[in-house]
Amino acid sequence: MIPPRLIGTDVPVAPDAPDARNWLIDELSKPEYTAAKPTLLEQATQSFLDWIGSLFSGAGDASGLLVAVAAVLLVVALVIGVLIYGLPRLRHRSAARGSLFGEDDDRSADDLRRASDARAAAGDWSGAIEERFRAVARALVERTAVSLAPGTTSHAFARSAGDVFPAEQASIGSAADSFDAVRYLGRPGVREDFEAIRSLDERLAAASIDLAPVAGGAA
């Protein structure tokens, strides 16, 4: 098509190749043609749809359809997994820190043990008992032997830990009693209770979860 502006001029009706190319470039550069160009998003979407279409074509057999369905299902499963469970590493780190028997506490088991020993050295047996029992719980969470929710009580933890370490069930229950006594009942802590919980902590730390049924005896 010869641009209207060229009609009636001396330009030949049958242009050679360079003239035709220049006419085409001039014509397509007009605003109405530029506005009709697809956006980058439209181009990307079309490319994706073309790729999906190529999978479905499958040269006339079912293999293309199976590949497409599998790819779509995999993407959907990954998205749902991240939305529900989060990234595994971050989720585990979050579970191993946070609320512990009614208090926000992000200290590690080793941090809690050091705090317990410092209170014991100062003769604060009540504080030493509290911190050491928390260390017991935090250590088992860090090993993924048990899990704790914000509302988990000391005895709920003791039952869960006792299921993992049956040979220590009585000792863990007794440690929970000592923790509740000094924290909630106002009973003064005594060195014997602290030593019993510290010994329990050491036995659990040395015990393999797989060998829990034969781990050390009760106090």
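Val 146 in this predicted model touches Leu 140, Val 141, Phe 157, Ser 160, Ala 161 and Val 164, leaving out residues up to four places away in sequence. Val 146 also belongs to the largest nonpolar core, which has 29 residues. Five helices each supply at least two residues of the core: helix 6 (109-121), helix 7 (125-142), helix 8 (154-164), helix 9 (169-183) and helix 10 (191-206). Helix 7 gives the most, with 8 residues.

Arg 113 lies in helix 6. Its relative accessibility is 17%, and because buried means under 20%, Arg 113 counts as buried. The side chain of Arg 113 makes a polar contact with the side chain of Asp 201, at 2.7 Å. Asp 201 is also one of the residues in contact with Arg 113 once neighbours within four places in sequence are set aside; the others are Arg 132, Ala 135, Ala 139 and Ala 205.

Arg 159 sits in helix 8. Its relative accessible area is 54%, and the cut-off for exposed is over 50%, so Arg 159 is exposed. Between Arg 159 and Ala 176 there are 9.8 Å in space, C-alpha to C-alpha, and the two are 17 residues apart in sequence.

Methods:
Residues numbered from 1 in each chain as written. Predicted model: local features only at pLDDT ≥ 70, side-chain atom pairs only at ≥ 80, totals over all residues. Heavy atoms only, no water. Core = buried A, V, L, I, M, F, W, Y, C linked by side-chain atoms within 4.5 Å. Buried < 20%, exposed > 50% of the residue type's maximum accessible area, 1.4 Å probe, protein only. Helix = DSSP H or I, 4+ residues; strand = E, 2+ residues; numbered from the N terminus. Contact = heavy atoms within 4.5 Å. Polar contact = N/O pair within 3.5 Å; in protein donor to acceptor, adjacent residues only side chain to side chain.
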